[in-house]
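Hello,

Please find the structure below. My notes follow it.

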Amino acid sequence: MKLSDFDFDLPEDLIATRPASPRSAARLLVAEGDRITDARVSDLPEWFQPGDRLVLNDTKVIPARLSGQRHRSSAQGDTSARIEVTLLEPGADGTWNALLKPLKKVKPGETIRFADGFSAVLEGVADGQGALRFNLEGDEFEAALAEAGAMPLPPYIAAKRPADAQDKTDYQTVWARHTGAVAAPTASLHFDAPLLQALKDRGITFSYVTLHVGAGTFLPVKVEDVTTHKMHAEWGRVSPEAAAEIAATKAAGGRIIPVGTTALRLIESAARSGAIAPWEGETDIFIYPGFTFHVADALMTNFHLPRSTLMMLVSALMGQETVRQIYSHAVDSGYRFFSYGDASLLIPSAAGSRQS
């Protein structure tokens, strides 16, 4: 398998910079095997059967982009530098790993101030990242970050416009619960209260799992032989309750449909023995054609970047030729791509057909 096998031409104007409003008004491409139907996210209940279970990632995105000032006094006088910080993940020692721009403008031991009473000391630098220790912890830290920080929009949106106050709502799922992600599980952004109620009325059940999506999700694949690519690791948890719910649904003949590639990667990480089980830890599972799925029967997901690991994942589920047809149809039909774009519901041929 070559990286070029997962490439396609994407017109720049199909990259969405704002989500649909309301959320469930987004377009939905439904692929049942190689049969494609154009629908809306609000139509989702029609495509599921009573007894099916959606698996939802309840991670909560932190406003990880901060702008601060570094002040320094020296024999040459007082100097100041603007420092842009993107938080990546908390370290085991209580610091935060972060990207700092420009990194050369701040030295270990110096303080960066983001707002009155909210600052961090750079404790060290390694591999192009800084280790920041903030002056606040717990709820105080979260409150200060919510006030001073901006949502960490993906690079392909941030290149077109800065994050604003609206993104703090738009780039968060309605069921976000456990703080820790620096990127949203974007397929979940399409759900709102009316859609969730309609799914419940249809007899669809829900299980919640947690995968803290990291900035590594945007890292490009740089090797031509995709099987040699090393995936980034992300922390996740499948609770005993969620594992039991998923196992019971499978046993009863219901389908398991993860919403988003993050939920899919997590439940498949928890099922490498062949059956779902409670699980917690770091996963760097890499799903590409040839992968054996033990849990997921279908997938709801947005449209992904060319030459990305997520294109490889959907190709593993649906087949490379079918995915090429799906993406060709999406481009020709003007579907909106990436994090704030439209959605697809991917149902492999063996997973069952639509029931009315």
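Here is what turned up, by topic.

This is a predicted model: local features need pLDDT of at least 70, side-chain atom pairs count only at pLDDT 80 or more, and totals for chains, interfaces and linings use all residues. Numbering runs from 1 along each chain as its sequence is written, and side-chain values use heavy atoms, without hydrogens or water.

Core. The largest nonpolar core holds 47 residues. Such a core is a set of buried Ala, Val, Leu, Ile, Met, Phe, Trp, Tyr and Cys residues joined through side-chain atoms within 4.5 Å. Buried means under 20% relative accessible area, exposed over 50%, partly exposed in between (1.4 Å probe, protein chains only). Y171, F303, I326, Y327 and F337 have the most contacts inside this core. β1 (27-32), α2 (155-158), α7 (309-318) and α8 (320-332) each supply at least two of its residues. The largest share, 7 residues, comes from α7. Helices (H or I, at least four residues) and strands (E, at least two) are DSSP runs, numbered from the N terminus.

Backbone. Most residues other than glycine have a negative phi, and most peptide bonds are trans. S21 and P22 are joined by a cis bond, omega about -5°. P22 sits in the segment before β1. K101 to P102 is also cis, omega near -10°. P102 lies in the loop between β7 (96-101) and β8 (111-115).

Two non-glycine residues have positive phi: D127, near 55°, and F338, about 75°. D127 is exposed at 79% relative accessible area. F338 is buried at 6%, in the loop between α8 and β17 (343-347).

Best regards
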